[in-house]
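Open the model in a viewer and keep the sequence beside it. The stops below say what to select and what is there.

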Amino acid sequence: MPSREDNKMKRFFKPVEKDGPAKKPTLSSSFSPVKDSESAVETEENNDTTKKEPSKFLTWNANSFLLRIKNNWTDFCKFVENLDPDVIAIQEVRMPAAGSKGSPKNPRDLKCDTSSSREEKQVVMRALSSLPFKNYDVWWSLSDSKYAGTALFIKKCFQPKKVSFSLDLAGSKHEPDGRAILAEFESFRLLNTYVPNNGWKEEESSFQRRRKWDKRMLEFVHRTSDKPLIWCGDLNVSHEDIDVSHPEFFAAAKLNGYVPPNKEDCGQPGFTRAERMRFSSIIKEYVLSI
């Protein structure tokens, strides 16, 4: 017989009912097939050149970019064509950095020193060589293994002044696990992050890892206050009660009955009082969009 806790989880994970049958995404008129294809291309190019900087942004936790290419690429390409974003920020790329076993890695490039990794890189590069992605430059920040990692796609007509890969603003240094890419434009900065998960237990060091990240993020916004910041990505935090479906349930959540020593660390990772307070401190310090 299901327990009360099972029933709670069933209620929580109940899919949201749709108003009607699902419909396939439709493309905007600017991407409809036309006889005069050259004229359509010219129109798109003229629209982009009137803008000096990116103004439309798309962010997505892909949970393995390679799997999305293999399983969802047609739908994603249609979505990108329809939205026509200037910047696409990807988190959880989950493809390893270039470099053989035991040698230094290059987080800016995909691994290709084995037959399987070469095949995987070819799949990715082939997908990106076709429309709409051939219109974008891509920057990678990758982990040593198939874990975490970020990517940033920027339309070729919008060249950033600088791209770096660390909250310390060091151009050559990458965050561990490739968790950040920072692009600087004339009037703003754009930060793509895959923020570390808080975890459940103090003694497993994940609490300390998340505290350190939040502290460095606060220091980052202090150091870069000369320009507005667009901060996108998987931030691994639900800031307010309205951001979750069942705030009381999440606030009281436990893993195998474990209760952290500090009551502010209690609850579902991403919805603990400690994380939410630190996030509040960060966004209060900066003129930013999230």
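A helix axis here is a line fitted to C-alpha atoms over the stretch in contact, and angles run from 0 to 180 degrees between N-to-C directions. Keep in mind throughout that this is a predicted model.

**Stop 1: two helices.** Select H3 and H4. How do their axes cross? The axes come within 10 Å and cross at roughly 55°. Since angles from 65 to 115 degrees count as roughly perpendicular and those under 35 as roughly parallel, H3 is therefore oblique to H4. The crossing of the pair is left-handed. To see what touches, show the side chains: from H3 the contact uses Phe 65, Leu 66, Ile 69 and Trp 73, and from H4 it uses Glu 120, Val 123, Val 124, Ala 127 and Leu 128.

**Stop 2: the largest nonpolar core.** Now select Phe 65, Trp 73, Ile 88, Val 124, Phe 133, Trp 140 and Phe 153. These are the residues with the most contacts inside the largest nonpolar core, which has 25 residues. At least two residues of this core come from each of helix H3 (65–83), strand E2 (87–91), helix H4 (115–128), strand E5 (136–141) and strand E6. Helix H3 gives the most, with seven residues. In soluble globular proteins, nonpolar side chains tend to be buried together.

Stay on Ile 88 for a moment. Which residues does Ile 88 contact, leaving aside neighbours within four places in sequence? They are Leu 58, Phe 76, Val 80, Phe 133, Tyr 136, Ala 151, Leu 152 and Phe 153.

**Stop 3: the second core.** Select Ala 180, Leu 182, Val 221 and Leu 235. They are among the 15 residues of a second, separate core.

**Stop 4: Thr 150.** Go to strand E6, residues 150–155, where Thr 150 is placed. Is Thr 150 buried or exposed? Its relative accessibility is 0%, so Thr 150 counts as buried. A polar atom of the Thr 150 side chain lies 2.9 Å from the backbone oxygen of Gly 178.

**Stop 5: Glu 275.** Finish in helix H7, residues 273–284, and select Glu 275. Glu 275 is buried, with a relative accessible area of 1%. Beyond neighbours within four places in sequence, Glu 275 is in contact with Asn 198, Arg 210, Asn 236, Val 237, Gln 268, Pro 269 and Gly 270. Of these, Gly 270 has its backbone nitrogen 2.8 Å from a polar atom of the Glu 275 side chain. Arg 210 is 65 residues from Glu 275 in sequence, and their C-alpha atoms are 8.3 Å apart.

Technical notes:
Residues are numbered from 1 along each chain as its sequence is written. This is a predicted model: local features need pLDDT of at least 70, side-chain atom pairs count only at pLDDT 80 or more; totals for chains, interfaces and linings use all residues. Side-chain values use heavy atoms; hydrogens and water are left out. Helices (H or I, at least four residues) and strands (E, at least two) are DSSP runs, numbered from the N terminus. Buried means under 20% relative accessible area, exposed over 50%, partly exposed in between (1.4 Å probe, protein chains only). A polar contact is a pair of N or O atoms within 3.5 Å; within protein, one must be able to donate a hydrogen and the other to accept it, and residues adjacent in sequence count only if both atoms are side-chain atoms. A nonpolar core is a set of buried Ala, Val, Leu, Ile, Met, Phe, Trp, Tyr and Cys residues joined through side-chain atoms within 4.5 Å. Contact means heavy atoms within 4.5 Å. Angles under 35 degrees count as roughly parallel, over 145 as roughly antiparallel, 65 to 115 as roughly perpendicular and the rest as oblique. A crossing is left-handed if the near helix is turned anticlockwise from the far one by less than a right angle, and right-handed if clockwise.
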